[in-house]
Amino acid sequence: MAPMIQQTTATASFTSRTQDSEFFKRARMQTNRSKTVLIVEDEQDVIDLLAVRLLKDTSYAISTATDGLSGLEKARTELPWIIILDLMLPKMSGLEVCKILKGDRVTREIPIIILSAKAAEADRLAGLELGADDYVTKPFSPREVVLRIKAIERRRSEKMEDEKLVCGLITLDPIRHHVDVAGKPVRLTTAEFKLLSLLLKKPGRVHSREMLLSGAWGYEAFINTRTVDTHIRRLRDKLGKAANTIETVRGFGYRLLADS
Ligand code: CA
């Protein structure tokens, strides 16, 4: 019996690997995955393991590099959303890659998760000192990496929520609940403030009245979409010089002119 079980197991694992790699190829071709995770790792097995899990559990696209130098190059040209970086790499070490990326204004903000051997604690600490955002020790579970990525994603969106929104003459500070136009404070009602933040968060994008209504008042709001028009009109009056920043898209809604 024993040899047969062994054989079955071997076949099963081969089949699952083949399916995984088919899945990987198919998923990589999907174009609706807009944010990219760059995996810099010289062991193909580790890349496959991570890629398959990420494609199944997240909506990220995957990009890969198998040595430090090409990893650095891809990070600079593709500006990925997150980088998973092995430390022991051919051509250039992961630490060196991390140091260069974190020292460059263009790539500094890209979160880096370090993959390191359990024994190499000194390297791991060096990576964190160089600005890496988190680390995972090998051997690791791909699910753990997904959880780390999601935690980084959460911290990142919290940080973005706190950031000031600026468009043309308008500056909106979400923490202080304050708006100014050309440096002069403007007093807005809560609804006007919410409407303006919605527009400022996605400049250039057309927002329907329904989208603005549910975004500013919530879905259960017992008011008409025409109310949005009234509030936008008052908002424009208050914005003064920057009134034209809000453009009416006839029969649909509004948008913020990104280059005004
Ligand atoms: Ca390695």
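The questions and answers below concern this predicted model.

Colleague: Which strands are the edge strands of the open sheet of four strands?

Modeller: The open sheet runs in the order E6-E7-E8-E9, and its pairing is antiparallel. An edge strand pairs on one side only.

Colleague: In E9, which residue is the bridge partner of Val179?

Modeller: Strand E8 covers residues 178-181 and pairs with E9 in the antiparallel sense. Three bridges join E8 and E9. For Val179, the bridge partner in E9 is Val186.

Colleague: Why do the buried residues of helix H8 lie on the same side of H8?

Modeller: Helix H8 spans residues 209-217, and Leu212, Leu213 and Ala216 are buried there. These residues are on the same side of H8 because the arc they cover around the axis is only 100 degrees.

Colleague: What covers the buried residues of H8?

Modeller: The cover includes two helices, H7 (190-201) and H9 (226-239). It also includes two strands, namely E10 (207-208) and E12 (253-256).

Colleague: Over which residues does pLDDT stay under 50?

Modeller: The protein averages a pLDDT of 83, and 84% of the residues score at least 70. Two stretches stay under 50, and for each the model has two contacts beyond four places in sequence. These stretches are residues 1-20 and residues 26-31.

Definitions and conventions
Residues are numbered from 1 along each chain as its sequence is written. This is a predicted model: local features need pLDDT of at least 70, side-chain atom pairs count only at pLDDT 80 or more; totals for chains, interfaces and linings use all residues. Two strands pair if DSSP finds at least two bridges between them. A residue is buried if 20 or more other C-beta atoms lie within 10 Å of its own, exposed if 12 or fewer, and partly exposed in between; C-beta atoms are placed from the backbone. The arc is that of the directions from the helix axis to the C-beta atoms. Two residues are in contact if their C-beta atoms, placed from the backbone, lie within 7 Å. pLDDT is the predictor's confidence in each residue, from 0 to 100.
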